[in-house]
Amino acid sequence: MADTSWSTGLTTGPTAGVTDAPARHGSPTDQQSTIRPGVTPPATASVPVKPSTRNRKAGGAGRNGGGHVVRILLRLLVIGYLFFLVVWPVSLVVLRTFAPVNDTGGFDAFLTRISDPAFGYAFGLTLTAALWAVGLNAVFGLGISLLLVRYSFPGRRLLSALVDLPMSVSPVVVGLALVLAYSSNQGWFGPLLESLDWQIIFSTPGIVLATTFVSLPLVIREIVPVLQEIGTEQELAARSLGAGAVQTFLRITLPAIKWALVYGVVLSLARALGEFGAVKIVSQGASFNGETATLLVANRYGNFDEASAYAAAFLLVLIAITALVVVTILRPSKEHRS
Amino acid sequence: MSITVSQVNKNFGDFVALQDINLDIPTGQLTALLGPSGGGKSTLLRIIAGLENADSGSITISGREATHLPAQKRNVGFVFQHYAAFKHMTVAKNIAFGLEIRKLPKARIKEKVDSLLELVHLTQFAGRLPAQLSGGQRQRMALARALAIEPSVLLLDEPFGALDAKVRKELRDWLRRLHDEVHVTTLFVTHDQEEALEVADNIVVINQGRVEQVGTPDELYDQPANDFVLGFLGPVTEFQGRLVRPHDLEIFRIETPGSVAGRIVRSTRVGFEVRLEVQLQATPEAPPVNVVVTRGEARSLGLTVGGTVFLGLQPALV
């Protein structure tokens with residue numbers, strides 16, 4: 001093995017080199033070079049980066065000038081795209097939330113608006129539906145992911161495609177479909193639901209159902225690639241060491257996909273909080289009667305109460321951003337550890 | 001016998017992975033399953049471990065019928081080519097895994113883990129994560145983890161296959177010494193004949209789903225059952241219609257009884273040995289015969305490209 005590349009590695013990864021040193025004194029033969037290959041990859045991986053960045057800085061105007069311009073243009077393009085599509089419109093909602101309307105404005109007016117009991121009801125309903133949806137999708141998403149990755153069975157590809165369906169079909173269509181299937185007077189369960197006097201459509205279970213439907217793929221699409229990447233060897237090793245199926249899942253599989261699951265849950269939560277189209281169809285949508293947060297925004301906006309609409313919209317944005325920020329803070333620490 | 005395999009068959013679709021395998025693996029020895037890639041040796045190992053099921057046949061481990069036992073009940077230590085380290089656990093936790101599953105008292109687990117860490121020279125790495133170890137260190141951790149459960153047999157699937165040549169050689173010597181210390185019945189898969197010849201007490205040569213020969217390294221090398229075993233265990237060359245080892249040919253500068261004339265067409269020096277290609281005069285169309293001599297022999301006989309030489313079989317082989 002190249003001793004030279006290892007010694008350059010010492011400059012980029014000093015801790016590995018130093019802590020390995022006593023091992024070489026300890027045991028004569030096998031330690032000596034078993035240590036090196038493990039140290040080499042990070043060194044060879046990180047060393048080439050430095051000269052190339054140095055080159056770019058030094059000869060920026062010359063040979064690498066073209067690449068430099070392209071890079072700046074690309075950055076501008078992406079930043080501009082995101083700004084005009086996302087940042088600017090959303091920030092206008094925030095500004096409008098605190099803008100004076102009929103001489104009242106600012107934070108106090110915002111607080112007054114959101115302390116409207118109808119707000120409490122709407123956000124309560126939205127959170128209830130979202131938590132149910134996220135809970136159900138976490139459990140079933142995990143199950144479906146394991147099924148898709150770890151087992152091969154006829155129809156596996158079909159199932160995989162079917163899982164994506166809720167993302168591709170318009171939520172309004174989902175709403176219509178659920179009305180047809182779960183109304184009290186029709187569908188397979190119609191007579192049973194009617195005899196039990198249990199209403200799914202036009203009540204909370206219907207809203208939960210619609211929200212769950214549209215956020216179904218998010219957990220699965222996060223977990224599946226991670227499951228594929230970790231492979232089955234660790235699980236097989238656990239089995240050969242005496243672990244049963246449940247122990248293997250809890251001690252080996254779950255810790256490995258933990259962050260994918262968390263990320264999937266947060267994405268589902270954001271999606272569930274913002275669901276509008278499907279809920280619009282399956283809910284009564286009236287104040288204190290099936291009006292979720294998004295429906296409240298639409299209703300208030302339609303009733304010329306724009307200030308309340310913006311206040312509710314701001315709250316929705318705030319919750320979604322908080323969730324994403326929390327995960328973004330958690331994520332790098334995970335990559336750092338592994 | 002520690003492991004008895006009888007009448008085992010395994011197909012993957014149309015592909016015959018194993019055909020009528022019958023094997024007895026002796027207790028306390030280090031046995032190599034040797035063969036080319038895709039020959040079925042890894043499949044056999046996985047069937048013994050319970051990670052794969054045979055289509056037919058039976059497996060007995062330490063006298064216990066194991067054919068239908070799930071992997072976790074076989075008490076078999078398994079080491080994977082790519083380590084299969086539990087990435088989210090420290091080295092010590094990895095080694096403790098099987099013991100924690102068996103619900104041993106904490107003090108006892110710590111004691112065992114400490115002694116295993118010492119055995120595999122990883123004591124100062126106990127608190128590291130597998131990602132912070134080199135390949136060789138990870139594989140030693142995996143070995144300690146497998147040994148922790150005091151397995152009735154230890155199975156290693158190409159254990160050094162993912163390591164570079166130098167580390168591989170060192171770990172191989174280390175495994176031999178470890179086995180002399182621990183004495184657990186060990187079965188390891190390799191496609192490297194040098195590794196098998198150097199480390200194993202016994203070798204099972206497997207090719208195309210069949211057992212070609214079973215024996216000690218010496219038996220296999222000196223009395224190969226067929227041309228495949230002969231060819232797989234070391235270099236061969238065709239001399240007068242039969243396959244022989246290049247170092248079993250004698251080379252002379254003058255004609256002797258039973259020798260045939262040829263011309264040196266190529267000479268390659270590799271360390272202490274010199275590899276010669278000799279074109280026989282009688283068969284100018286046939287591929288040249290390979291002969292290996294020591295550097296000293298080559299020098300004293302003045303063997304150079306273009307020179308005429310006479311080849312004969314060593315008397316013991318005639």
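Trainee: What makes domain 1 of chain A and domain 2 of chain A count as being in contact?
Mentor: The model is predicted, and in it five residues of domain 1 of chain A are in contact with six residues of domain 2 of chain A. A contact requires C-beta atoms within 7 Å. On the domain 1 side, the touching residues are three nonpolar, one polar and one charged.

Trainee: Where do the two domains of chain A run, and how far apart are their C-alpha centres?
Mentor: Domain 1 covers 65-97 and domain 2 covers 107-337. Their C-alpha centres lie 30 Å apart.

Trainee: How many helices and strands does chain A have?
Mentor: Chain A has 16 helices and zero strands. Chain B, in turn, has nine helices and 17 strands.

Trainee: Which residues touch the most other members of the largest nonpolar core?
Mentor: They are A:Ala210, B:Ile95, B:Ala144 and B:Leu155, in a core of 141 residues. Beyond its neighbours within four places in sequence, B:Ala144 is in contact with B:Ile95, B:Leu116, B:Leu117, B:Leu119, B:Val120 and B:Leu122. Another core, of twelve residues, lies apart from the largest one and includes B:Ile264, B:Val291, B:Val292 and B:Val293.

Trainee: Why are S13 and S16 of chain B said to stand at the edges of their sheet?
Mentor: The open sheet has the order S13-S17-S14-S15-S16 in chain B, with antiparallel pairing. Strand S13 (249-252) and strand S16 (289-294) each have a single partner strand, so each has one side without a neighbour in the sheet. Neighbouring strands in this sheet are turned by 45 degrees against each other on average, direction ignored.

Trainee: What makes S14 and S17 of chain B a pair?
Mentor: Pairing needs at least two bridges, and strand S14 (residues 260-270) and strand S17 (residues 308-313) have four, in the antiparallel sense. The two strands therefore meet the definition of a pair.

Methods: Residues are numbered from 1 along each chain as its sequence is written. Chains are lettered from A and ligands numbered from 1 in the order in which they are written. This is a predicted model: local features need pLDDT of at least 70, side-chain atom pairs count only at pLDDT 80 or more; totals for chains, interfaces and linings use all residues. A nonpolar core is a set of buried Ala, Val, Leu, Ile, Met, Phe, Trp, Tyr and Cys residues joined through C-beta atoms within 7 Å. A residue is buried if 20 or more other C-beta atoms lie within 10 Å of its own, exposed if 12 or fewer, and partly exposed in between; C-beta atoms are placed from the backbone. Two residues are in contact if their C-beta atoms, placed from the backbone, lie within 7 Å. Domain bounds come from an automatic or database domain assignment. Ala, Val, Leu, Ile, Met, Phe, Trp, Tyr, Cys and Pro count as nonpolar, Asp, Glu, Lys and Arg as charged, and the others, Gly among them, as polar. Axes are lines fitted to C-alpha atoms, for helices over the stretch in contact, and angles run from 0 to 180 degrees between N-to-C directions.
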